[in-house]
Structures are given as C-alpha cells and as structure tokens.
Amino acid sequence: MTNQRDPQCLHNLAYHPRWRHHSVKVIRKRHIWTVITNSFAGCRKSELLSASLSLSSKSLSSTPQLPSSPVQGTRRLRGNWFHLLLLMISLFPCQAWGTTFKIALVGPWTCDILYSKALPDLAARLATSRINKNPYLNKGYWYDYTLVNEDCKSTRALVRFADVESYGAAFLGPANPGYCSSAALYAKEWDVGILSWSCLKPNMNAGDKYPTFLRPLPLSAHVIFTVLRYFHWAHVAIISEEADIWEATGQELATSLRALGLPVNPVVTMESDKDGPRRALTRVRETDRVRVIIMCMPSVLIGGQAQYRLLTTALAMRMIDRGYVFITYDTLLYSLPYKDTNYYMLGNDTKLRKAYDGVLSITMESGERNFYEAFRDAQNTYEIRSSSPPEQVSPFFGTIYNMMNYIAMAAEQARASRGRWVSGAILGDSEGGFEFEGFNQQLQAGRNGEGMQAGYVVLDYSGMGTSLYSTHFLHASHTDGKTGGLKYLGRSVHFAGSTPYTDSSCWFSPHFACSGGIDVTTLFFLLLLLISLVGSFINIFLYLKKQGRVGFSFGGDGNGGSSKVILTLDDLVFINTQVSKRKLNDESIMKSQEDMKTPHHSVSGRSYLASTPDSSNVAVFEGDWVWLKKCPTGTVSSVGGSTEVIFVK
C-alpha cells in the first residue's frame, strides 16, 4: 500500500489535546501504527479500509489449521474487535485530526476601560467556537486562543512581549502603538503572524521590513484623513489622556497624519489634575487656524471620564460656541451603536448635552443589528454566558470577534493555496479578496496586504434628545485614504456655533505643497487676474492716447534721452529772442505781459516780446524753454519710431 500524502489536510495527532493521551497506546503495536500512519497521510478512508481488509484476508487465506484452542479464539476475537474499532475511528471527519492553530490575544485587559469592559475572554471564546463549527474554516486547523495581559507601561510591556514567542502561531495585538513596530520585528524573527490595530505607520505592510505584519483594521489615520479632506479641515490638534497607551496613540497618529501632508499641531497630553483640561485647551486655542481637535481617550458614551472633563471644560471656555469640532478617536476601533439606541447620559446631563453638540464620531458601520442587539441575541442562545447588560459592555468586544474571524479566514486561504503550515511570512502575504460575516456587520479583506476592511459612518448629535444620527458614509473599499470619499446621507452636520475654518485643498493633494494656506491653483488664478487688469489698463491708456486725451508719451533714444511731451499751440508762448537786448520801458513791459498770458500760464518779469510760430521756433512752456523743429509738409496723424529720433536729438 503506497503512502500518498494529501496536502489539503494537515494532521498532528501527537500534539492535538484530544488525542494526546491515546498516542502512547497506539504506538505500542507496530503493525497498528503502520495503519494509522497511512490513514494520516491522506485522510483516505478507503485506504484504511483496504488495509484492515488485507489483514483479515491474510488470516483467511492462510493454510488450514487445526481447531484452535479457546484461548486462541479469544485472542482472534479481540483482534477483530480492535480492527473494527480502528475502522470506526478512520471514519471520523478529517478535521478531527487537525493541528491546533493558537492565536495569542495581546492587550491591556486590566488597565483601560475600553479593553477591560470588552470581555476579551468571552469574545475570543465565542469566535473560536463558531470558527471550529464553520465547515469552511475547520478543514485543516483546530483554532484556539490564549490571553496575554499587556502591561500598562510601554517599557515593561515590550519586555513582557519578548517572552511570549511560544504563546501562539499568530499574535493579535499589541494595543500600545509605542512598541508596535518593535513587536513586529520580534514577530519577524519568530516567523509568526502579527496583526495589530495600533500600528499607525502608513507603510508598514509594504516592503520587507515587516513581512509578517497584517492589518486587522483599516488604518485609522487614513479614515480620519478622508473625513478631513471632505470638510477641508487641514489644521488639526490632538489631545491625549495621561496614560502610556493614549499618549503613544496621539504621537503616532500625529506622525501618520503629517506623513499624509497635514499640519498637525499641537499634540497635547491632558494631565489628570483639576486644571489639566483647561491647560490643554488653552494651548489649542492659542494656535492659529486650528478648529479641529482629535481626542485620543475612551469615549464618554462608554464611560470615559477624561473625555467628559475635557468636553465640559471646552463648553465653559466657550470653545463649543466658537466653532471648534471635537472628533473621537476610539470609536474608529469599533462599531458604536446608533440605530434605535438611546444614550440617556446625554439627556440627564445638561452640560454634556450642550458640549456633545460639538462632537463628531467616526465609527464602523453596523449591519441590520447594532452591537447591543447582536450581543443580546448571543446571550439568549447561551453562546455568551454572561449576565452583563449589553449597554455595559465595550463594543470593542465585536472588534475582537471580527479580528479572530479574519485571522482564521486568512489562515485557511493561505493553507488551501500553499498546502502546508501557515508561517508568519505566508500569513503576512495573504491574498485577501474574501468576504465574511462579522459580529454585527459584513466585512471584507482587501488585496495587496490591505488587511481587513469595513465601512464607516460619521455620527453627529443635534444637541437635543438622547440619540445620534449618521450624516456621511465611507465605503469599505475607500478606507485607504487615496480613492473615493464620503457619501452624503441626506442630513447635514449640526454645528453648535460658527462653521469651522476651511483650508485649501492643496493640503490633501500629494502633488502640491501648501504655504500660508494659498495653494498653487489659487495663486495661478490670482496671477491671471493681475495680468488681465494690467492688460486692460494698457489698452485704455493707448486708446486715450490715440484720442489725444493723454498729454504724456514715454520714450527716448535708447541712451537715456529725455522724455517727450505732446503739446498744442494753445499750450505754448512763442517768443522773439532777438529783441531781448533792447531796453523796454514800463509801458511796453506791461503790454507784453498782457499779450503773453495763456490759459495755462503767463510769462512775466522777463523782457521778451511775443512772437508767432512762423517767425520763431522757441517757445515757453510752464517756465521752460522749448525748441521746436518743423515737420515736413503734409498732414501728420501719428509719430513713428523713426520720427521720434528727430525730436530727441
């Protein structure tokens, strides 16, 4: 019997927890181990059946024997029962023999409200339970999980992560952006997959530096960039809660947005003392043109007290009335319920209701059911054994479930195409392109290493009531920050105060550089306007000059000659210089002064007698002597360039 191995099914009986205590007993008998090995090679029931039948045929086809003793009959009966038992085991489905694929879930499950209220153990248990029951996903692997508690301090968390190499075949996390890149390098060295929603570098999934990295969520900076581009808000400030994980989030988010071309400043950490929110907001208010503030902290709608203090302080400082917009960051990581959902804290707290009017929430879109409804349904079917009300559970529960399913889908796709153990490099090189059902929405996997993709909505609050409403939608395929944009859903954003400043579109274009808020396109049109105005002025001047309404003309001989003046006979007083030597009496002087008066001036105090153009070529204009030359006979309508030389020599 030939050993034909089927690469479509992986088996490892010795390491599977269900069969570990049976393996020693099976190895004791050599001929039985041979049969099992052949059955493992391809999960071929026919081969195992033929093997058992061949053993029986050998006993039947042997030479006739003398009647056996009762002891020999008993041994033969036991052997036949064992063969029958082995045959029944061989009929088990192939996935019963599969290798365990363990996922290590890394996060600060005890030191942050966003993650501690997400019930990570229940979320991972529900995900693996449904994955192992899925006929598409349980063909090759049996999926399991383990929780790794991430330290609240970044330095200690990195030291802790260096010791978890053997915890899983893939790592979901960490949640701290401060050492996410270092964790990805560890995973590269271990050749295990790492999927972290906190790695905010835009190009981590490109190149060979992080070959085992894959995004389990769309890059949050790309989603924020798309929203800011739609509203033309380029100048952004970031305020983070005083905790390592959120401080690192604010810094990494600022770096990621700056890499996309936005002028992000300032990046402030809100201290936990009484005056911490006021100091942080004062720095933002003193920065020119900043009207958008991204809050890196747990949302007040899931119990975040730091955000409550920040928003109510902004209301007291009248920043809400003056058009400042506050964008929540943590809602990007989960699906915040808004359909048929009431947040009674907005109705019971007057300050929060007025302050939340200036908040925009960007969150993952829900499907037919919101998170609370999906969680309650799982409780009713006893898939989730917890008495916690859905409203007290962080919606990040659904994100954990979605990411676990995404890992299983990517691993099964890689296993089916490669036909072997899915290493970190193979998982990081996932083809994508598939769709799957999330906890309460439909999800998809992008191609070319884009990771998991989900649709997003922009939620606003009108300042009245207890519910949020959606204003814009972002399709899952448009979360890369390059293609597509927001889709208007028919209801506008309600601004509590004045509309925020809008910035030039050049801030959002990779092909132009902005300076002072004026882009190249605007500068080009301003230049065209200036040229048009100058051209119009020149045309008007030339027209008036041609009509004789302008008395000045510019020119020269090209060597710094004097300018020319166009004059008429009414502007000049011709004089006779030959009689200037003769002494004039007072009467003749008075007479000559009266005769020499012109509409523009008069010549007085000189002993000059008036003359005519026929007898003199010297005239007086505004106190200056003018020497004239006569033009050739004929009518002169204009003075050409060659004629001008005559007047300036």
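1. Leu459 stands opposite Ser470 of strand 15. Strand 14 (residues 456-460) and strand 15 (residues 469-474) run antiparallel and are joined by 5 bridges. Strands pair here if DSSP finds at least two bridges between them. Strand 15 is also joined, by 2 bridges, to strand 16 (residues 487-488), again in antiparallel fashion.

2. The model is predicted, so local features need pLDDT of at least 70 and side-chain atom pairs count only at pLDDT 80 or more, whereas totals for chains, interfaces and linings use all residues. Residues are numbered from 1 along each chain as its sequence is written, and side-chain values use heavy atoms, with hydrogens and water left out.

3. The protein contains 20 helices and 22 strands. These are DSSP runs numbered from the N terminus: helices are H or I with at least four residues, and strands are E with at least two. Of its 649 residues, 45% are buried; buried means under 20% relative accessible area, exposed over 50%, and partly exposed in between (1.4 Å probe, protein chains only). The protein exposes about 34,000 Å², of which carbon and sulfur atoms supply 54%. Accessible areas come from the Shrake-Rupley method with a 1.4 Å probe, and for residues only the protein chains shown count as cover.

4. Among contacts with a separation of 6 or more, 69% are between residues 24 or more positions apart. Contact means heavy atoms within 4.5 Å.

5. The largest nonpolar core holds 132 residues, and the members touching the most others are Ile239, Leu253, Ile294, Phe326, Tyr356, Phe397 and Leu468. Helix 16 (residues 396-418) contributes the largest share of this core, 13 residues. Apart from this core lies another, of 19 residues, including Ala104, Val106, Tyr210 and Phe213. A nonpolar core is a set of buried Ala, Val, Leu, Ile, Met, Phe, Trp, Tyr and Cys residues joined through side-chain atoms within 4.5 Å.

6. Tyr356 is in contact with Ser299, Val300, Leu301, Gln307, Leu311, Leu346, Ser361, Tyr461 and Leu468. Thr399, which lies in helix 16, is in contact with Leu217, Leu333 and Tyr334. Thr399 counts as buried, at 2% relative accessibility.

7. The whole structure holds 2 disulfides, a disulfide being a pair of cysteine sulfur atoms within 2.5 Å. One joins Cys111 to Cys152, with an S to S distance of 2.4 Å. Cys111 lies in the loop between strand 1 (99-107) and helix 5 (113-116), and Cys152 in the loop between strand 2 (141-149) and helix 7 (154-161), so the pair ties together parts that are 41 residues apart in sequence. The torsion about this S-S bond is about -135°, so the disulfide is left-handed. Cys111 is partly exposed at 33% relative accessibility, as is Cys152 at 37%.

8. The other disulfide joins Cys180 to Cys199 (S to S 1.5 Å). Because Cys180 lies in helix 8 (residues 180-190) and Cys199 in the loop between strand 4 (193-195) and strand 5 (213-214), the pair ties together parts that are 19 residues apart in sequence. The link of Cys180 and Cys199 is left-handed, with -70° about the S-S bond. Both Cys180 and Cys199 are buried.

Conventions:
Lists of a residue's contacts leave out its neighbours within four places in sequence.
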